[in-house]
Amino acid sequence: MIKYIDTLEGVKTKNLKGFFVGWQNPPSTEKHLEILKNSNYIVLAIDEDTGNVVGFVNALSDKTLYSYIPLIEVLPEYQGKGIATKLVNLMFEKLRHYYAIDICCDEELISFYKNFNFNKVAGMIKRNYDNQNGKSAI
Ligand SMILES: CC(C)(COP(=O)(O)OP(=O)(O)OC[C@H]1O[C@@H](n2cnc3c(N)ncnc32)[C@H](O)[C@@H]1OP(=O)(O)O)[C@@H](O)C(=O)NCCC(=O)NCCS
């Protein structure tokens, strides 16, 4: 069974293994925990059998108008079971008072986000891959 929580209570680095699939310079589990701690909003999917996090979404905000969802990921072996859909819907509930909820995604995920009434726009991004693991963040 999967349960959904919005707190890090009881979540340790050992419960955060396997994420950032395909990243060339991924954050450690310690950095992952830090990301979740410092986010304005989080929702985690937990496998109740193992206590491990199997999916997560986080959001950052200006607490007035704009919110941004930088990361959403479900572990490969748990994909295709509706976990991301549930994570997004629970996060939307948290962000419902914002004017803007923004997400950047790859072309292949546009159909996924269109299910939630997102509109496609042009996006510009800048990435410093030396910093992808979060080691040099202040
Ligand atoms: C994208 C991701 C979070 C989806 O997780 P999931 O739990 O498998 O998604 P769901 O089971 O809720 O699927 C919802 C719908 O999206 C579709 N979908 C899921 N993953 C998809 C993908 N990678 N590409 C295209 N469509 C996808 C599913 O087919 C499903 O459609 P359906 O309802 O018509 O069957 C997961 O594939 C993932 O972690 N990918 C790697 C990280 C990533 O790309 N994150 C997004 C950054 S913007």
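Tutor: The model is predicted, so local features need pLDDT of at least 70 and side-chain atom pairs count only at pLDDT 80 or more, while totals for chains, interfaces and linings use all residues. Residues are numbered from 1 along each chain as its sequence is written, and side-chain values use heavy atoms, with hydrogens and water left out.

Student: Why is Ser67 called buried?

Tutor: Buried means under 20% relative accessible area, exposed means over 50%, and partly exposed lies in between, with a 1.4 Å probe and protein chains only. Ser67 has 2% relative accessibility, and therefore it counts as buried.

Student: Where is Ser67 placed, and which residues does Ser67 touch beyond four places away in sequence?

Tutor: Ser67 is in strand β4, residues 66–74, where a strand is a DSSP run of E with at least two residues, a helix is a run of H or I with at least four, and both are numbered from the N terminus. Contact means heavy atoms within 4.5 Å, and on that basis Ser67 touches Leu60, Ser61, Leu95, Tyr98, Ala100, Ile101 and Asp102, leaving out residues up to four places away.

Student: What makes the pair of Ser67 and Ala100 a polar contact?

Tutor: A polar contact is a pair of N or O atoms within 3.5 Å; within protein, one must be able to donate a hydrogen and the other to accept it, and residues adjacent in sequence count only if both atoms are side-chain atoms. A polar atom of the Ser67 side chain lies 2.8 Å from the backbone oxygen of Ala100, and a distance of 2.8 Å is within the 3.5 Å limit.

Student: Which residues come nearest to the ligand?

Tutor: Of the 16 residues around the ligand, these are Ile72, Val74, Gly80, Gly82 and Thr85, where a residue is near a molecule if one of its heavy atoms lies within 4 Å of it. A backbone N or O atom of Ile72 lies 2.8 Å from a nitrogen atom of the ligand, whereas a backbone N or O atom of Gly80 lies 2.7 Å from an oxygen atom of the ligand.

Student: Where is Arg96 placed, and what does the side chain of Arg96 reach?

Tutor: Arg96 is in the loop between α2 and β5 (100–102), and its side chain reaches the backbone oxygen of Glu93 at 2.5 Å. Arg96 and Ser67 are 29 residues apart in sequence and 9.9 Å apart in space, C-alpha to C-alpha.
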